[in-house]
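Reader: I have a structure open here and would like to go through it with you. Can we start with the pocket and then move on to the side chains?

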Amino acid sequence: SGLKRVHGLSIPSGISLQQVSLLSSRATGLDPGSLCVVAWGLADEARSGDVDGTFLGRSFDDLFRCAGVSPGDLWGHLAAGGARTPRSARLFPVVKDLRTGTLGFLWAEYEAARQEGCRARVDLWRRRWVQ
């Protein structure tokens, strides 16, 4: 994984995580220390521009069914159009806190729960996009 100063996080098999530090400025409206954690399945990148691409190695229909999210959650007003690709999905919110159990690690923890047969909660992620 490409994570800095993170302890106690178990990364599920088949996925990678990358911490991306974001530049802050008045133009971007981002606070200093803002970052996002990008999670992806090992084969996702090859199809990230495809309408039928994958996230965490699974179809978006599987994500909708298992996580309880909808196309509108991921693509907003683009949900009805043909721009529904993994690259255009709102999957990785900007955060400042990197601890287990926080929004930054939602998708890693979702995948770990899914691999164990549990249903992961995505309420925290959904609230972040509604704000």
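Reader: Which strands each supply at least two residues of the lining of the largest pocket?
Author: Those are β2 (35-41) and β3. This is a predicted model, so the answers here are computed from predicted coordinates. The largest share of the lining comes from β2, with 3 residues.

Reader: Which residues line the largest pocket, then?
Author: The lining consists of Val38, Ala39, Trp40, Asp44, Glu45, Ser48, Thr54, Phe55, Pro86, Arg87, Leu91 and Phe92.

Reader: How do the lining residues divide into nonpolar, polar and charged?
Author: There are 7 nonpolar, 2 polar and 3 charged residues in the lining.

Reader: And how much space lies in the largest pocket?
Author: About 150 Å³.

Reader: Phe55 was in that list. Is Phe55 buried or exposed?
Author: Phe55 has a relative accessible area of 5%, which is under 20%, so Phe55 counts as buried.

Reader: On to aromatics. How many aromatic pairs does the structure hold?
Author: The number of aromatic pairs is 7. One of them joins Phe55 and Trp107, whose ring centres are 5.3 Å apart with the planes at 90°, so this pair is edge-to-face. The two residues come from distant parts of the chain, 52 residues apart, with Phe55 in strand β3 and Trp107 in helix α3. Trp107 is buried, at 4% relative accessibility.

Reader: What about the rings of Phe64 and Trp75?
Author: Their centres are 6.3 Å apart and their planes are at 85°, so that pair is edge-to-face. Phe64 sits in helix α1 (residues 60-67) and Trp75 in helix α2, so the contact ties together parts 11 residues apart in sequence. Phe64 is buried at 14% relative accessible area, and Trp75 is buried at 4%.

Reader: Which residues form the aromatic cluster?
Author: One cluster is made up of Phe55, Phe60, Phe64, Trp75, Phe92, Trp107 and Tyr110.

Reader: Where is Tyr110?
Author: Tyr110 is in helix α3. Its relative accessible area is 4%, so Tyr110 is buried. Pro12 is 98 residues away from Tyr110 along the chain, and their C-alpha atoms are separated by 9.5 Å.

Reader: Which residues in α3 are buried?
Author: Leu106, Trp107, Ala108, Tyr110, Glu111 and Ala113 are buried in α3. Just after that helix, Gly117 takes a positive phi of about 85°.

Reader: Glu111 is a charged residue in that buried set. What does Glu111 form a salt bridge with?
Author: Glu111 pairs with Arg58, and the closest N and O atoms are 3.1 Å apart. Arg58 lies in strand β4 and Glu111 in helix α3, so the pair ties together parts that are 53 residues apart in sequence. Glu111 has a relative accessible area of 2%, so Glu111 is buried. Arg58 is partly exposed at 24%.

Reader: How many salt bridges does the count come to?
Author: The count is 3. Arg58 also meets Asp62 in a salt bridge at 3.9 Å, N to O. Asp62 in turn meets Arg65 at 2.6 Å.

Reader: Where do Arg65 and Asp62 sit relative to each other in helix α1?
Author: They are 3 residues apart in helix α1, so about one helical turn separates them. Asp62 is buried at 14% relative accessible area, whereas Arg65 counts as exposed at 56%. Through shared partners, the salt bridges join Arg58, Asp62, Arg65 and Glu111 into one network.

Reader: Last one. Which residues does Thr100 touch, not counting residues up to four places away in sequence?
Author: Thr100 touches His7, Gly8, Leu9, Phe105 and Glu109 on that basis. Thr100 and Leu9 are 91 residues apart in sequence, yet 6.1 Å apart in space, C-alpha to C-alpha. Thr100 lies in the loop between α2 (71-75) and α3 (106-115). At 36% relative accessibility, Thr100 counts as partly exposed.

Conventions: Residues numbered from 1 in each chain as written. Predicted model: local features only at pLDDT ≥ 70, side-chain atom pairs only at ≥ 80, totals over all residues. Heavy atoms only, no water. 1 Å grid on protein atoms, 1.4 Å probe; cavity = no way out; pocket = protein on both sides within 12 Å on 5 of 7 lines; lining within 4 Å. Points joined across faces, edges and corners; volume = space filled by probe spheres on them. Helix = DSSP H or I, 4+ residues; strand = E, 2+ residues; numbered from the N terminus. Buried < 20%, exposed > 50% of the residue type's maximum accessible area, 1.4 Å probe, protein only. Contact = heavy atoms within 4.5 Å. Phe/Tyr/Trp six-rings, centres within 6.5 Å; stacked < 30°, edge-to-face > 60°. Salt bridge = Lys/Arg side-chain N within 4 Å of Asp/Glu carboxyl O.
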